[in-house]
Amino acid sequence: MSPLSLSKRSVNIPPFYVMEVLENAQKLEHDGKDVVHLEIGEPDFPTAPHICEAAHQALTACKTRYTHSQGIYELRTAIVDDYNNRFGLDLVPEQVLVTSGTSPALMLSFMALLDQGDKVLLPNPHYACYPNFATALGSVPSFAYTSEENGFGLTPELVSENMDEDTKAILVNSPSNPTGYVMSSREMQGIAEVAGDVPIISDEIYQGLVYEGEDHSILEYTDNAFVLNGFSKKYCMTGWRLGYLIAPLDCMRVLQKLQQNFFICANSFVQEAGIAALEGPQDHVDKMVATYDERRKYLLKRLKDIGFRIGYEPKGAFYVLADAREFGSDSLEMSRRILNEAGVAVTPGIDFGSGAEGYI
């Protein structure tokens, strides 16, 4: 039997290397090896009991049917209340689309905004999957190469220098993966001004995990924005797969049709847990953030002590992008050696683009 002919678009997409590191680490653990997991972007805290109880109650009440394609109204109301209270906005529930994690929200945003050959401007380094989403949909990832001195942050100047007539979207991420950079109010406002009529897609999944400075949303500075957020990081709900997209009202009908066709709706009883997360007590979040800050300070000191160079100390999220070029230039091979020889799983910098090669 001859091999199947698969699409070039799918065959040429690189793997998500951090997942391969995780899977190799899990295999080693299955074989009896102790592994320290520093690779995957996942809280090691449990989901709060009151959130789990809300899902349990929803299941007991048989809330297991399809919901409105944009999500149950009570959750969408809780989402806009949260944003309006924190950032002084006047969003309405009709601007929210609840998704099965934040990745579908990114996919729907790209599908709504980008035609074949259109460019989306990304920082480099960047979250590993951003350019793969663009490529898979037939659009073109275009990179603005950032500097370590600025935390690898995307600046208004870089956006201006790298935009052209084919740029149909700009993607920003703050607090950022992989650097923990937190954009200032001035930077967000500047990017919004430079972007003009070009929509900004803002990945705000790490909001709430800030140790120095303040959280901001791109929606404070422009209405021409598609905001991605969710419950995975702040509420320790990675496996629950619950996210959302906030977008301009005049775009919602298109996004709704895409959701109906490709995803139908997000998981019904998990949406009930999302309401509990937003409207319930937040002290568990505060304690978690304080613990992350203690770990951040400890990790920065110890990494420097053993020879890594830290050009930028993260102010948010839960990552350190450490310069390991003194130990080798191939970050993927380095991560394999660290896992196999030391039993520590780390993410290779190449996962985040060529600008992070040699880092872990």
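**Exercise 1. Determine what share of the 360 residues in the protein chain is buried, and describe the overall build of the chain.**

Solution. Buried residues account for 54% of the 360 residues in the protein chain, where buried means under 20% relative accessible area, exposed over 50%, and partly exposed in between (1.4 Å probe, protein chains only). This is a predicted model, in which local features need pLDDT of at least 70 and side-chain atom pairs count only at pLDDT 80 or more, while totals for chains, interfaces and linings use all residues. Residues are numbered from 1 along each chain as its sequence is written, and side-chain values use heavy atoms, with hydrogens and water left out.

Next, consider the dimensions: a compact globule with 360 residues would have a radius of gyration near 21 Å, and the 20 Å of the protein chain agrees with this (the radius is taken over C-alpha atoms, and the globule rule is 2.2 Å times the number of residues to the power 0.38). The chain contains 12 helices and nine strands, which are DSSP runs numbered from the N terminus (helices: H or I, at least four residues; strands: E, at least two).

**Exercise 2. Find how many cavities of 30 Å³ or more the structure holds, and characterise the lining of the largest cavity.**

Solution. There are three cavities of 30 Å³ or more; on a 1 Å grid over the protein atoms alone, a cavity is a set of points where a 1.4 Å probe fits but cannot get out, and lining residues have an atom within 4 Å of a point. Grid points are joined across faces, edges and corners, and a volume is the space filled by probe spheres set on the points.

The largest cavity, of about 140 Å³, is lined by 17 residues, and Pro123, Pro125, Phe152, Asn173 and Ser176 lie nearest its centre. Strand S5 (residues 167-173) contributes the most to this lining, with three residues. By class, the lining comprises 11 nonpolar, six polar and no charged residues, with Ala, Val, Leu, Ile, Met, Phe, Trp, Tyr, Cys and Pro counted as nonpolar, Asp, Glu, Lys and Arg as charged, and the others, Gly among them, as polar.

Finally, inspect Pro125, which sits in the loop between strand S3 (119-124) and helix H6 (130-136) and is joined to Asn124 by a cis peptide bond with omega of about 10°. A further cis bond runs from Ser174 to Pro175, with omega near -15°, and Pro175 belongs to the loop between S5 and helix H8 (185-195).

**Exercise 3. Work out how the second largest cavity is lined.**

Solution. This cavity has a volume of about 90 Å³, and its lining residues include Asp82, Arg86, Lys234 and Tyr244. Helix H4 (73-87) and strand S7 (225-230) each supply at least two residues of the lining, which divides into four nonpolar, three polar and three charged residues.

**Exercise 4. Decide whether Gln259 and Phe45 are buried or partly exposed, and name residues that they touch.**

Solution. Gln259, in helix H9 (residues 252-262), counts as buried because its relative accessibility is 1%. Leaving out residues up to four places away in sequence, Gln259 touches Ser69 and Leu97, among others, contact meaning heavy atoms within 4.5 Å.

Phe45, by comparison, lies in the loop between strand S1 (36-37) and helix H3 (49-60) and is partly exposed, with a relative accessible area of 25%. Apart from neighbours within four places in sequence, the contacts of Phe45 include Cys236 and Met288. Phe45 and Cys236 are 191 residues apart in sequence, yet their C-alpha atoms are 6.4 Å apart in space.

Notes: 1 Å grid on protein atoms, 1.4 Å probe; cavity = no way out; pocket = protein on both sides within 12 Å on 5 of 7 lines; lining within 4 Å.
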